[in-house]
Every structure is written in C-alpha cells, then in structure tokens.
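Let's take a walk through this protein together, from the overall layout down to a single side chain. Have the sequence and the model at hand as you read.

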Amino acid sequence: MTDPKKSKGGFGIVEALVAAAVLGFMYMAIMNMHGGNHDSLLRIRGRDGATEVAQNLIDSLGALGLASLYDENLAKDDAGNIKPIIIDPIVRTWQGQPGAVTNTMTVNYRAEITVSRDDEYKTKTSSMLLGTDSVEHVYAKRLDVTISWKFKNSTQSISVSGVVK
C-alpha cells in the first residue's frame with residue numbers, strides 16, 4: 001500500500017501539454033466560427049444594401065412619373081431597342097461593430113434598369129366615328145432592376161421588379 005504523504009499531488013508535464021493542445025484546438029474552432037459569422041454579416045449587409053438601392057431607384061423613377069419613361073425619352077441602340085439604364089457606381093457606407101472592433105463597410109453597387117411596356121396595364125378603345133378600328137394605350141412601364149456588387153472573389157446580384165403607372 002502507498003503512503004498518502006508520499007504520493008504526487010499535481011499535474012505532470014504530459015497532462016499540461018494535452019490540456020494546452022485541447023484549449024488551442026477549441027480556440028481555433030471558435031476563431032474560425034467567428035470569421036464565418038463575420039463574413040455572413042458582411043454578405044447580409046451587402047444584400048440588404050442592394051435591396052435598398054433597388055427600391056430607391058424604383059421609387060425615384062416612379063416619382064419622376066410615367067412621362068419620363070416614354071420610349072422617346074430613353075436611349076436606343078442601333079436596332080432601335082431601348083438600352084438599359086446603367087448607373088455605376090452607387091456607393092453605400094455603413095459603420096458597424098461585428099465583434100469587438102468597429103468597422104466601416106463600403107460597397108460599390110452597379111445598377112442596370114431595363115424599362116419595358118407592361119401589357120397588364122393596357123387599354124384598347126375603338127371608335128366608329130373616327131374610322132379607326134382600335135387604339136391601344138399602355139399606361140404603365142415595368143422596371144426590372146438588377147443590382148450587382150463584388151463580395152470576396154465573386155459577384156453577387158439581386159433582381160427587383162416594379163411598375164410605374
């Protein structure tokens with residue numbers, strides 16, 4: 001039988017090294033998870049900003065009114081097709097604190113707005129007195145807005161549609 005006064009009462013070097021290695025692996029796992037959370041936050045912030053930019057563009061064009069979107073007022077290519085409206089860059093900056101350090105995030109967005117007639121908002125009239133069979137009038141334009149931006153090594157994008165009447 002061993003004498004309790006003579007037994008060792010502490011941790012050995014092997015136990016201390018194993019404990020340090022386990023703590024090191026746990027620390028690395030937590031730091032990796034934190035980095036992933038940080039990237040997710042930045043990706044979400046970029047997407048939310050793109051949605052805001054798209055909605056602001058639709059609202060601004062809607063405030064200008066339908067007359068500003070008549071085909072005669074829009075640029076056309078050589079074949080006579082309406083060109084998309086390109087706005088590049090649209091810069092948005094946010095102050096944030098994802099973690100212990102305050103960060104400034106700046107994103108450069110590129111907007112491409114395609115204007116087309118929306119046949120859901122069409123009236124057709126006919127008149128026997130004027131000698132015409134019928135006249136069509138489209139009283140709305142569809143706006144298809146695509147917002148794109150760079151995130152890490154890829155290009156992210158969203159598409160939003162709206163109608164101006």
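Among contacts in the protein between residues at least 6 apart in sequence, 53% join residues at least 24 apart. Keep in mind that this is a predicted model. Its secondary structure consists of 1 helix and 6 strands, and reading from the N terminus the order is α-β-β-β-β-β-β.

Now for the surface and the interior. The protein has 165 residues, and 21% of them are buried.

In soluble globular proteins, nonpolar side chains tend to be buried together. Here, the largest nonpolar core contains 23 residues, and Leu 57, Tyr 109, Leu 143, Ile 147 and Trp 149 have the most contacts inside it. Two or more residues of this core come from each of helix H1 (13-64), strand E1 (85-96), strand E2 (103-117), strand E5 (141-151) and strand E6 (154-164).

Let's stay with strand E5, where you will find Lys 141. Is Lys 141 buried or exposed? Lys 141 counts as buried because its relative accessible area is 9%, under the 20% cut-off. Leaving aside residues up to four places away in sequence, Lys 141 touches Leu 66, Leu 69, Asp 71, Val 115, Ser 116, Arg 117, Asp 118, Gly 162, Val 163 and Val 164. With one of these, Asp 71, the contact is polar: the two side chains meet at 2.6 Å.

Note on methods. Residues are numbered from 1 along each chain as its sequence is written. This is a predicted model: local features need pLDDT of at least 70, side-chain atom pairs count only at pLDDT 80 or more; totals for chains, interfaces and linings use all residues. Side-chain values use heavy atoms; hydrogens and water are left out. Helices (H or I, at least four residues) and strands (E, at least two) are DSSP runs, numbered from the N terminus. Buried means under 20% relative accessible area, exposed over 50%, partly exposed in between (1.4 Å probe, protein chains only). Contact means heavy atoms within 4.5 Å. A nonpolar core is a set of buried Ala, Val, Leu, Ile, Met, Phe, Trp, Tyr and Cys residues joined through side-chain atoms within 4.5 Å. A polar contact is a pair of N or O atoms within 3.5 Å; within protein, one must be able to donate a hydrogen and the other to accept it, and residues adjacent in sequence count only if both atoms are side-chain atoms.
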